[in-house]
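Colleague: I have a chain to go through with you. Can we take it one point at a time?

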Amino acid sequence: MINKIINGICKAINAEFGDEYEIHTESIEQGLKEPCFSIMCINPTNNLFRQNRYFRKNQFCIHYFPSTEDEKEECQEVTERLYDCLEYIEIDEETKTMGTDMNTKFSDGVLNFFVNYDMYVKKDKKEEIPKIEDCNYNTNIKEG
């Protein structure tokens, strides 16, 4: 599910910013071409809600590396556009999800944009293990 959400984020960012902005989903070692985005899921959780339903909290950090010397102003403009384009993303053809808890942090010339895509997930039940039908046992009483 996390990869589907990442793909939805990529599509939303690409639709808003166009092809001149690279979008990375893996760590970048060298050759960073600015301006660009980097997307990663941080601290995902999976908690049992009821029976086979789970609540998944998926927090994402989207790094934006600006291209101009006026980094703060550029990052503030990008922030406004990210708020709009990431409010709802399409996970697959039938499913959209809403981004919540959006916030930003500007550090070392890089914009860190945080957004959660939390959802309930229903897991198919696993094949049940057959119960023991017959069980034989012997007991002895110790005297003394």
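Colleague: Does C75 count as buried or exposed?
Modeller: Bear in mind that this is a predicted model. The cut-off for buried is under 20% relative accessible area. C75 has 2% relative accessibility, so C75 counts as buried.

Colleague: How many disulfides does a search of the whole structure find?
Modeller: A disulfide is a covalent bond between the sulfur atoms of two cysteines. The cut-off here is a pair of cysteine sulfur atoms within 2.5 Å. A search of the whole structure gives a count of zero. For C75, the nearest cysteine sulfur is 11 Å away, in C36.

Colleague: Which cysteine has the sulfur closest to that of C85?
Modeller: C85 is itself buried, at a relative accessible area of 11%. The closest cysteine sulfur is 11 Å off, so it is too far for a bond. That sulfur belongs to C10.

Colleague: How is the chain built, and what pattern does it follow along the sequence?
Modeller: The chain has two helices and eight strands. Read along the sequence, they give α-β-β-β-α-β-β-β-β-β.

Colleague: What radius of gyration does the chain have?
Modeller: Along the principal axes, the C-alpha atoms fill a box of roughly 90 × 40 × 25 Å. A compact globule of 144 residues would come out near 15 Å. The chain has 24 Å.

Colleague: What share of the 144 residues is buried?
Modeller: The accessible surface comes to about 10,900 Å². Carbon and sulfur atoms hold 43% of that surface. Among the buried residues is N58, at 2% relative accessibility. Buried residues make up 33% of the chain.

Colleague: Which residues does N58 contact, leaving aside neighbours within four places in sequence?
Modeller: N58 is in strand β3, residues 53–65. N58 is buried. Its contacts are I2, I5, P44, V115, N116, Y117 and D118.

Colleague: And T97: which residues does T97 touch, not counting those up to four places away in sequence?
Modeller: T97 lies in strand β5, residues 95–98. T97 is buried, with a relative accessible area of 8%. E80 is 17 residues from T97 in sequence and 19 Å away in space, C-alpha to C-alpha. The residues that T97 touches are E87, Y88, I89, I91, Y117, D118 and M119.

Colleague: Which residues do ring pairs link into a cluster?
Modeller: The count of aromatic pairs comes to nine. Ring pairs join a cluster made of F17, Y21, F37 and Y64.

Colleague: Which ring does the charged end of K123 sit over?
Modeller: The cut-off for such a contact is within 6 Å of the ring centre. The charged end of K123 is 4.3 Å from the centre. The ring is that of Y54.

Colleague: Now the backbone. Which residues does a cis peptide bond join?
Modeller: Most peptide bonds are trans. Here one has omega of about 0°. Its proline, P35, is in the loop between β1 (22–24) and β2 (36–50). The bond joins E34 and P35.

Colleague: What is the phi of Q51?
Modeller: Most residues other than glycine have a negative phi. N43, in strand β2, has a positive one near 55°, and N43 is exposed at 60% relative accessibility. Q51 is found in the loop between β2 and β3 and is exposed at 72%. Q51 is not a glycine, yet its phi is positive, about 45°.

Definitions and conventions:
Residues are numbered from 1 along each chain as its sequence is written. This is a predicted model: local features need pLDDT of at least 70, side-chain atom pairs count only at pLDDT 80 or more; totals for chains, interfaces and linings use all residues. Side-chain values use heavy atoms; hydrogens and water are left out. Rings of Phe, Tyr and Trp (its six-membered ring) pair if their centres lie within 6.5 Å; planes under 30 degrees apart count as stacked, over 60 as edge-to-face and the rest as tilted. A charge sits over a ring if NZ of Lys or CZ of Arg is within 6 Å of the ring centre and within 35 degrees of the ring normal. Buried means under 20% relative accessible area, exposed over 50%, partly exposed in between (1.4 Å probe, protein chains only). Helices (H or I, at least four residues) and strands (E, at least two) are DSSP runs, numbered from the N terminus. Contact means heavy atoms within 4.5 Å. The radius of gyration is taken over C-alpha atoms; the globule rule is 2.2 Å times the number of residues to the power 0.38. Accessible areas come from the Shrake-Rupley method with a 1.4 Å probe; for residues, only the protein chains shown count as cover.
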